Every structure is written in structure tokens, then in C-alpha cells.
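This report describes a predicted model.

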Amino acid sequence: MDDKSLNTARLIALDWGTSSLRVWLLGDEGEVIDARAAKRGIMQVEDGDFAGVYREIVGDWIAVHGELPALACGMIGSRGGWAEAEYVDCPAELSVLADRLLTIDADPVSLRVVPGVMQPSGPGVRPDVMRGEETQVLGALSAAPELAERGVLVLPGTHCKWVHIAEHRLAAFTTYMTGELFAVLRHHSILGKPAADRDGITDDKAFELGVDTAREAGAAGLSSILFSARSRMLAGEIAAESTPDYLSGLLIGDELRSALTGVGEVPPLRLIGDDALCRRYRHALARFGIEDVAEIPDAARIGLWRIAEAAGLLTY
């Protein structure tokens with residue numbers, strides 16, 4: 001008999017983002033009984049029929065297991081999602097997020113949504129926001145408790161987050177639009193044209209050259225070094241098909257240079273995200289002399305379980 005069949009279903013957990021939807025049926029101590037994934041992020045839901053997608057994705061689980069608590073994180077709680085969950089101020093901790101869940105009256109069971117986190121303006125600090133990453137951060141703290149007193153979590157993606165942890169709280173964070181900038185420049189600028197039809201080619205040396213160029217740029221701004229993706233190709237220093245990897249190195253290298261400037265001794269640093277993208281960040285961090293960088297898997301799922309537990313949603 002499959003051990004999973006011995007688990008009692010306790011929670012339906014949803015990571016509902018902009019482009020994708022991941023759902024888990026969790027039992028006992030958060031073990032995965034079943035899991036699903038679909039390209040049904042908020043931008044792929046026709047006519048805003050979030051209720052229909054939700055019913056379709058969890059309905060059979062409810063039919064089999066009865067009424068269960070359901071908890072979601074991510075852009076489903078944004079202004080463009082199903083309903084807007086409020087932001088809580090940073091610094092943020094588990095108890096505050098658990099106390100401020102939004103409840104959506106839905107069929108077949110109500111859906112609760114984790115609030116986002118806002119970093120208010122202050123001296124030398126711009127306002128910043130996150131949705132979904134706060135749940136991953138809590139999951140990471142559960143999986144890697146050694147970070148709880150002082151650590152850094154890097155969440156690569158379209159909008160990369162650098163999150164500073166202090167005293168078991170999400171203490172501060174910064175957003176870098178590295179992934180979105182790469183997509184725009186790769187597909188909608190002169191820098192991407194030399195390799196327009198050459199997807200799938202990887203050149204680690206070109207990537208390293210891009211990272212090193214950004215690291216050593218000194219007073220040069222990003223807009224200045226970006227043009228080197230074209231000038232190095234015209235000078236024969238990189239091949240046309242290697243320009244995307246070089247461009248990726250420039251953007252990630254500039255992000256790292258900004259994030260690490262003035263930090264001094266870097267606290268324990270961990271990555272959360274897509275495996276291939278985390279490998280690329282780990283490669284870039286090594287060029288900055290930071291070698292001890294592990295990835296934390298399943299952070300969203302673990303975080304949703306922790307929040308549900310703190311909110312008293314789980315019944316035994």
C-alpha cells in the first residue's frame with residue numbers, strides 16, 4: 001500500500017502566480033498526497049473566471065476528502081487577481097501574515113489568501129512590494145532555520161527579490177527587474193537581434209564575461225555597459241549567437257554588484273526558484289567570490305503549511 005494513502009488530507013495549498021498555478025493536497029505534517037500544475041496564472045484566466053478555475057482544480061479533491069481548508073499565495077491576491085489582499089508592512093513575521101488572511105467565499109470551499117508585504121518609504125528607502133515571495137521566505141526559514149537570525153534569500157525571476165532576514169523576520173528587501181529587462185532587451189532591442197533565431201544555445205564563457213564586465217564596471221552605469229553586448233559582437237570578441245548569454249551575464253552581474261555593494265561580510269545566502277535560473281545565479285555569485293550557495297526547494301508549499309498552521313486552519 002502506498003504510504004500516502006495512510007495520510008489524512010489536511011490542506012489544499014495553492015501558489016497562484018502571474019503565469020502559472022501550482023496546487024498541493026497536503027496531509028498530516030504537510031506531506032504531499034497529490035499535486036497539480038497548470039498554465040493558469042492570473043494572466044491566462046479568460047474573462048477573470050478565477051472561480052471557475054478554482055472549482056475545476058480542487059473540486060474532485062473536495063468530493064473525495066470532504067470540506068478542507070484552502071490557502072493561496074501569490075498574484076491571485078493582487079489588484080489584477082481574484083480579490084485584493086492587503087499588504088502588511090515590513091518588517092513582517094509569520095503571526096502577522098497568518099492574522100491578516102483574506103477570505104474569498106468560493107465554491108466548493110472558501111479560499112483564504114496570504115497578504116503581500118510592503119516596504120514603506122523611509123530615509124534612503126523607496127517603497128517596494130512583494131506577493132508570493134513572503135510565503136516562500138517563511139517556508140525557507142522552516143527548511144533552513146540557520147538563516148533565522150541573519151541571512152539573505154535571493155529569489156531569481158522576472159522581478160528578482162533580495163530578502164534580508166533578521167531575528168526570525170522578513171526585515172527588508174529589494175526588487176531587481178533583471179528577468180523582465182532581459183526579456184525586453186532580448187526580444188525587442190538591437191541587442192537581441194544577432195541571435196533572434198538561435199534559442200537554446202548556451203555559452204558559459206560569454207555569460208562569465210558579461211558578469212565580469214558588470215562586476216568591474218566601476219562608475220559606468222548599466223545603460224553604458226549594456227551596449228557592449230553589441231560592440232563586443234562587432235569587434236569579434238563574442239559570437240552573434242552568444243550575445244544573449246553575455247547580456248544575461250551583464251544584467252545578473254549588475255544586480256549582484258548593486259546588491260552586494262557596501263555589505264561587507266555576506267551573511268549566509270540561499271536561492272529559491274527555478275533550478276536552471278538558480279544555477280545561473282550560483283555561477284554568477286561564484287564570480288563574486290561567493291561559493292557557499294545552496295538552493296531551498298519547495299519553499300512555497302512549506303510556507304503555505306506554516307501559515308495555515310499559525311492561522312489555526314488545520315484540524316486534527
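## Largest pocket

The largest pocket has a volume of about 1,500 Å³. In this predicted model, 48 residues line that pocket, and Leu 155, Pro 156, Gly 157, Thr 158 and His 159 are the ones nearest its centre. By class, the lining divides into 20 nonpolar, 15 polar and 13 charged residues.

Several secondary-structure elements contribute to the lining of the largest pocket. At least two residues each come from β1, β2, β9 (128-130), α3, α4 (178-188), α8 (243-260), α9 (275-287) and α10. Helix α9 supplies the largest share, six residues.

## Cavities

Searching the whole structure gives two cavities of 30 Å³ or more. The largest cavity has a volume of about 40 Å³. Its lining consists of Val 152, Trp 162, His 164, Ala 259, Leu 260, Val 263, Val 266, Pro 267 and Leu 269. Two or more of these residues come from each of β11 (160-166) and α8. The lining of the largest cavity has eight nonpolar residues, one polar residue and no charged residue.

The second largest cavity has a volume of about 30 Å³. Ala 92, Glu 93, Leu 97, Glu 134, Leu 138 and Leu 170 line the second largest cavity. By class, this lining has four nonpolar, no polar and two charged residues.

## Helix α10

Helix α10 covers residues 299-310; at 1.5 Å a residue its 12 residues should span 16 Å, and the end C-alpha atoms are 16 Å apart, in agreement with that value. Nine of the 12 residues are buried, so α10 is largely enclosed by the rest of the structure. The buried residues are Ala 299, Ala 300, Arg 301, Ile 302, Gly 303, Leu 304, Trp 305, Ile 307 and Ala 308.

What do the buried residues of α10 pack against? The partners are the strands β1 (9-16), β2 (21-27), β3 (31-38) and β4 (70-73), together with the helices α2 (94-99) and α3 (133-143). After α10 comes Gly 312, which has a positive phi near 75°.

## Salt bridges

The structure holds 14 salt bridges. Arg 301 has 15% relative accessibility and counts as buried, while Asp 298, at 43%, counts as partly exposed. Elsewhere, salt bridges with shared partners join Glu 208, Asp 212, Arg 215, Glu 216 and Arg 287 into one network.

An α-helix has 3.6 residues a turn, so residues three or four places apart point the same way. Arg 215 is partly exposed at 29% relative accessibility, whereas Asp 212 is buried at 12%.

A further salt bridge links Arg 22 to Asp 15, with the closest N and O atoms 2.6 Å apart. Is Asp 15 buried or exposed? Its relative accessibility is 14%, and Asp 15 counts as buried because the cut-off is under 20%. Arg 22 is partly exposed, with a relative accessible area of 34%.

Methods. Residues are numbered from 1 along each chain as its sequence is written. This is a predicted model: local features need pLDDT of at least 70, side-chain atom pairs count only at pLDDT 80 or more; totals for chains, interfaces and linings use all residues. Side-chain values use heavy atoms; hydrogens and water are left out. A salt bridge is a side-chain nitrogen of Lys or Arg within 4 Å of a carboxyl oxygen of Asp or Glu. Buried means under 20% relative accessible area, exposed over 50%, partly exposed in between (1.4 Å probe, protein chains only). Helices (H or I, at least four residues) and strands (E, at least two) are DSSP runs, numbered from the N terminus. The expected span of a helix is 1.5 Å times one less than its number of residues. Contact means heavy atoms within 4.5 Å. On a 1 Å grid over the protein atoms alone, a cavity is a set of points where a 1.4 Å probe fits but cannot get out, and a pocket is an open set with protein on both sides within 12 Å along at least five of seven lines; lining residues have an atom within 4 Å of a point. Grid points are joined across faces, edges and corners, and a volume is the space filled by probe spheres set on the points. Ala, Val, Leu, Ile, Met, Phe, Trp, Tyr, Cys and Pro count as nonpolar, Asp, Glu, Lys and Arg as charged, and the others, Gly among them, as polar.
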